[in-house]
Amino acid sequence: MAENTIQESAAPEKENIVLDPQVVEKKEREPLFGKAERKLLTDPLSDNNPVTVQVLGVCSALAVTSVVYPSMVMAVAVVFVCAFSNLFTSIIRNHIPKQVRMIVQLVIIATLVTIVELTLKRFSYPVYKELSVYIGLIITNCIVMGRLEAYAMANKPWRSFLDGLGNGIGYGLILVVVAFIREVTGKGTLFAGSGIEIKIIGPSTEYAINTVATSGIGTWFSWYSNNNLMVLPAAAMFIIGIYIWIQRSINPKLVDIS
Amino acid sequence: MTMTVGVALVLALLSSSWKAKSKENEAIFNKRAILAAVKDHLGGMDPKTMSDEEVLEIFGQNVTQMALNMDGQEIDAAAVEAAGHKGGMAENIDMKKEKKKPEAERIRPLFVYKKDGKEFYILSIRGNGLWDEIWGYVALESDWNTVAGAAFDHQGETPGLGAEIKDNTSWAAQFKGEKIFDNQGNYVSIAVVKGGAAPSNPHAVDGISGATVTANGVGEMLERGLKYYLPYINKVDDSKKLSLN
């Protein structure tokens with residue numbers, strides 16, 4: 001939480017200057033799905049990823065990624081909140097007084113988050129139980145607020161919507177990748193908690209690879225045991241760190257030399 | 001102004017139209033947790049994966065419930081409502097609220113699960129783990145002594161360590177076959193022993209390495225939580241002494 005607040009106050013200004021040349025860019029007639037629009041969607045997936053490049057929303061990325069299924073729900077929730085808060089803020093952006101813009105943005109975000117919460121409670125109560133605190137914390141997720149400040153306040157609705165969509169998906173992508181690695185190596189399962197749980201490797205006959213089996217493929221894995229570190233939030237930090245390392249090795253222009 | 005009203009309207013509308021279903025989901029969630037304590041006696045069904053309808057069906061057909069006060073007397077729905085639990089059924093008793101009350105005023109739910117002529121008594125307990133509250137259900141066999149199963153849950157224990165009380169089903173399975181009374185009928189509860197319990201000891205189970213505080217919390221929760229039921233147990237089975245230690 002503490003980490004969140006600091007990022008929140010510091011990040012949007014930095015973004016304004018460095019990361020978003022589109023902010024100042026304005027065109028008269030905009031195509032519905034031109035090059036710029038596609039870039040809005042694809043940029044946050046890699047070169048301008050909210051988690052690994054802008055380093056926003058790390059708090060929840062560490063907390064909810066121990067298993068894949070809740071992470072996916074969280075990802076969908078953030079995509080929804082991010083896209084629609086961008087859209088609505090952009091629609092009313094010219095009517096928001098500068099002094100109270102943060103409050104107006106928060107009202108929009110909080111409304112959408114409450115809708116997500118009610119929806120989960122109505123349609124998927126166990127997942128709601130699992131995520132409850134973190135769903136509420138989407139309100140303070142700096143990605144959402146950051147995009148409103150950096151993009152939606154200065155751009156037209158359709159583009160803002162795409163920008164929110166792209167950033168939400170960028171965040172969700174990291175979430176699911178991290179959760180996938182953590183669940184498989186930490187618990188030996190996949191999609192635990194959902195209807196289609198797959199048990200991959202573990203010490204009983206329920207798993208596809210049974211590490212205590214006396215015959216078959218399991219005997220080759222008798223040395224294997226789940227990595228308990230992967231279940232802890234710290235593991236997500238390592239995985240995100242390694243992800244950032246790989247990403248910047250491939251794409252040197254992301255490296256900040258200052 | 002317009003925005004505030006609009007937002008409030010949308011949220012109020014959604015909330016009220018989905019409230020009934022959300023409440024129902026919550027009830028099913030609780031029933032599932034209660035049935036998890038007798039999961040070895042559900043006729044091969046897994047409380048984690050069975051459908052909502054199956055939960056409701058089993059709960060409706062095989063489970064009777066009652067609310068008890070601290071003197072071991074059964075109390076009626078009005079008294080449960082008066083204690084602050086809407087609905088008045090034993091399953092409506094919010095143990096979190098009860099935990100905040102003075103001990104003498106608390107009430108407790110008791111669920112009786114009947115299957116193939118056998119009866120299981122499911123007791124509800126709640127205590128403190130390392131970070132936050134932990135709770136669970138313990139099922140006793142018809143001798144009011146042998147544990148038929150136990151299921152625990154927690155608010156915020158560390159995943160992989162304290163959270164094992166819920167996630168590691170083989171840990172909770174250790175409680176099966178343990179006894180809460182000794183041969184003389186004195187209440188001894190079940191201790192959670194760091195470093196491993198002797199297999200011959202029917203009143204102790206192994207702790208969880210790396211989660212001593214949570215495991216101790218479970219032991220303490222069992223000791224205190226099951227004691228609340230002693231007056232009632234003493235009433236229905238007088239070989240069990242009402243020890244007040």
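Which residues does Ala37(B) touch, not counting residues up to four places away in sequence? In this predicted model, Ala37(B) touches Ile122(B), Tyr137(B), Val138(B), Ala139(B), Gly149(B), Ala150(B) and Ala151(B). Ala37(B) is also one of the residues that touch the most other members of the largest nonpolar core, which has 59 residues. Another core, of 55 residues, lies apart from it and includes Val113(A), Ile138(A), Tyr151(A) and Leu175(A). In soluble globular proteins, nonpolar side chains tend to be buried together.

Strand S5 of chain B (residues 133-140) pairs with S6(B) in the antiparallel sense, over 7 bridges. Within this pairing, Ala139(B) is placed opposite Gly149(B) of S6(B). The hairpin formed by S5(B) and S6(B) has 6 residues between the strands, and Trp144(B) takes a positive phi near 60° there. Strand S6 of chain B (residues 147-154) is largely enclosed by the rest of the structure, because 7 of its 8 residues are buried.

The contact between the chains takes 14 residues from chain A and 13 residues from chain B. On the side of chain A that touches chain B, helix H5 (101-123) and helix H6 (125-136) of chain A each supply at least two residues. H5(A) gives the most to this side, with 7 residues. By class, the side of chain A that touches chain B consists of 7 nonpolar, 4 polar and 3 charged residues.

Methods: Residues are numbered from 1 along each chain as its sequence is written. Chains are lettered from A and ligands numbered from 1 in the order in which they are written. This is a predicted model: local features need pLDDT of at least 70, side-chain atom pairs count only at pLDDT 80 or more; totals for chains, interfaces and linings use all residues. Two residues are in contact if their C-beta atoms, placed from the backbone, lie within 7 Å. Helices (H or I, at least four residues) and strands (E, at least two) are DSSP runs, numbered from the N terminus. Ala, Val, Leu, Ile, Met, Phe, Trp, Tyr, Cys and Pro count as nonpolar, Asp, Glu, Lys and Arg as charged, and the others, Gly among them, as polar. A residue is buried if 20 or more other C-beta atoms lie within 10 Å of its own, exposed if 12 or fewer, and partly exposed in between; C-beta atoms are placed from the backbone. Two strands pair if DSSP finds at least two bridges between them. A nonpolar core is a set of buried Ala, Val, Leu, Ile, Met, Phe, Trp, Tyr and Cys residues joined through C-beta atoms within 7 Å.
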